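User: I've got a model loaded and would like to go through some of its side-chain packing. Can you take a few questions?
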Amino acid sequence: MGCDKDKIFKIEDRLAEIQARLGQLDSMKESKEILTPEGEVGVSNAKGRVKMFRAPNGKYKRSVTIQGQEIVPEYKNQNTIDSKPDGVEEVFMDDPRLKSGDLVEVQYVENDFWKNNKWQYENEEWKAAPLYLVDQDGNVLDLLEAYKENKEATLKRKEIYEAVLAGKKVELRIKKKMYNFNNVQYAGSPVFMDVRENLTPRLLKDSNGNIIEASENQPVVLAAARGIEKDHWGQSGVPRWDMGDVQNVENEDVVIAMQNDVANITPIYEGSDANTKAGQIAAVVLAPDGRYTVAYLSTRTLSNKAVDYVLQSAASGNTENVGMLVGNNTRKETAFKNNRFLNITSLVYKGEPKTFINFYSEEHAKNGNMQSIVRLEGPELAKALNGEKFKYSVGVFGVSKADSLRAKEILEQGGSPKAPNVRWVNSKNIVSLPTQGVDVISELRAILKSKKHHVDADLLNSQEQFEIPGFTKPGGYNTYQEYLFDSKAHGEQFNLATDVVNNTAIVNTDIKNIEGSTFFNTTLTFSDLFIDGTSQKTEEVASAKASLRPGAGTASAGPTITRRTARSQAEQMAAEKEKLDNCGF
């Protein structure tokens, strides 16, 4: 009996594909299997209403479209009851007033999808019947997940369903809430939005744990990661969140609660999050789990207006104003290998005030590390900016051998040596014109353009007036935040992928307040099941290894119905091998 060779190749390819998929499934199972703690019945939200996508970093984010200048979230098909929305609203699940220890009731409500599809579950309706979770105020939180063979705890659905149908009161006690922020991306890039519109607190918590309404004029509360990641000698440090002097929250009990919760946030530099480091600015928000947490913000790079202001201020020796726009790199001893190194300092030298502008020069560094840093004095920078002949030197910052040996000795003894005394080591003096030789002024401009705008951590929540003479608008600002959030402070766009909607202020957010909440996909786990007030903690519950979840089956278009049972991977492989055996060889 003859066989089609192309068909044989296709069968062999199919076998290889199935084998590869088996390997992928095994790998996923090993990496993603999560065991529910003993005695706990777990649930998570339906995810049926929110369309999501997986970002390049592997995290799930909300899908949005841009209509005109508006960001519009995308939703999947929503369940209806008598052709009207079933009442499930994310904001109820996200509300921190729904807290650990609360009871939520399980109710059977026949929605439109179930009316049209329940016949497919004859004698096994418990597997996918719509079981709604309702809080004590009557708000509909979500749907209980349909039964799944690979999730042992979903067997509890049968007991819950039968009890509800028997007219018994079925409740679950909340153990924990988890959540995601509404981080918005469009076309693969973050969309920058006004922090005030999206992260101004609506609810606050005081030091007694009471949730209260925020006042109408409550400003955003900001925090900064302060400290060092590594010191001059390579010792690891741990930046901590600091809110500065909190003047913009009237209730002292609320301030205490914020400070306590923020202080307990896991230190942000542990080598696991490369995107977070000292200097990060964040907004303090009350999360669905009832604790204050931080929402990371984005700080814009310096605008051309800011770069020009920094150059003119440095040329005139006004380093105080320079420092309000751009920070200094302080680790001078490693400047020779930092291609973004910038340090602008004023000091008194031999009885005269001097300003030194020190920065990395890529062109001069080609001649060796000893020429990698340009040192330019204020008056010489002024000449360069005016197109005149000017002088500068190239060299490097060094640490004396005695200081290095002393630091090494202290480290070996378990101590922490002080920062080294660095000194300028001059290698070469150069006389230049802006149009001749190495264009160090363009290099300086490029470094400034790459710098993040400096944000003063001490002023984050200040209610004092703020002004940078010659840079801010006439009369300045009523508060420092008013300056940070002013989209006209720089007067130009920056690094925008979707400039039609992007905000141009100094500090921005990619978190969007959607329908009253900055969160989505909030997840609940439950510690106990009650039927008519009696706890159902049994060995069956205690041994559950998977979550009991609301919604995945009956949310959106409802549970997936198949009229025949799909073959297993092993059955598919056996069938394909049988085809090969029948080829007549």
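User: Which ring does the charged end of Arg 375 sit over, and how far is it from the centre?

Analyst: Keep in mind that this is a predicted model. A charge counts as sitting over a ring when CZ of Arg is within 6 Å of the ring centre and within 35 degrees of the ring normal. Arg 375 has its charged end over Phe 356, with a distance to the ring centre of 4.2 Å.

User: Okay, what sort of ring pair do Phe 466 and Tyr 483 make?

Analyst: There are 15 aromatic pairs by the ring-centre rule. For Phe 466 and Tyr 483, the centres are 5.0 Å apart and the planes sit at 40°. Planes under 30 degrees apart would be stacked and over 60 edge-to-face, so this pair is tilted.

User: Which residues do ring pairs link into a cluster with Tyr 483?

Analyst: Tyr 480 is three residues from Tyr 483 in helix α13, about one helical turn away. Tyr 483 is buried, at 0% relative accessible area, and Tyr 480 is buried too, at 1%. The cluster joins Tyr 483 to Phe 466, Tyr 477 and Tyr 480.

User: Over to α6: how wide is the arc that its buried residues fall within?

Analyst: The buried residues of α6 are Val 254, Val 255, Ala 257, Met 258, Asp 261 and Val 262. They line one face of the helix, because seen down the axis they fall within an arc of 160°.

Note on methods: Residues numbered from 1 in each chain as written. Predicted model: local features only at pLDDT ≥ 70, side-chain atom pairs only at ≥ 80, totals over all residues. Heavy atoms only, no water. Buried < 20%, exposed > 50% of the residue type's maximum accessible area, 1.4 Å probe, protein only. Helix = DSSP H or I, 4+ residues; strand = E, 2+ residues; numbered from the N terminus. Arc of directions from axis to C-beta. Phe/Tyr/Trp six-rings, centres within 6.5 Å; stacked < 30°, edge-to-face > 60°.
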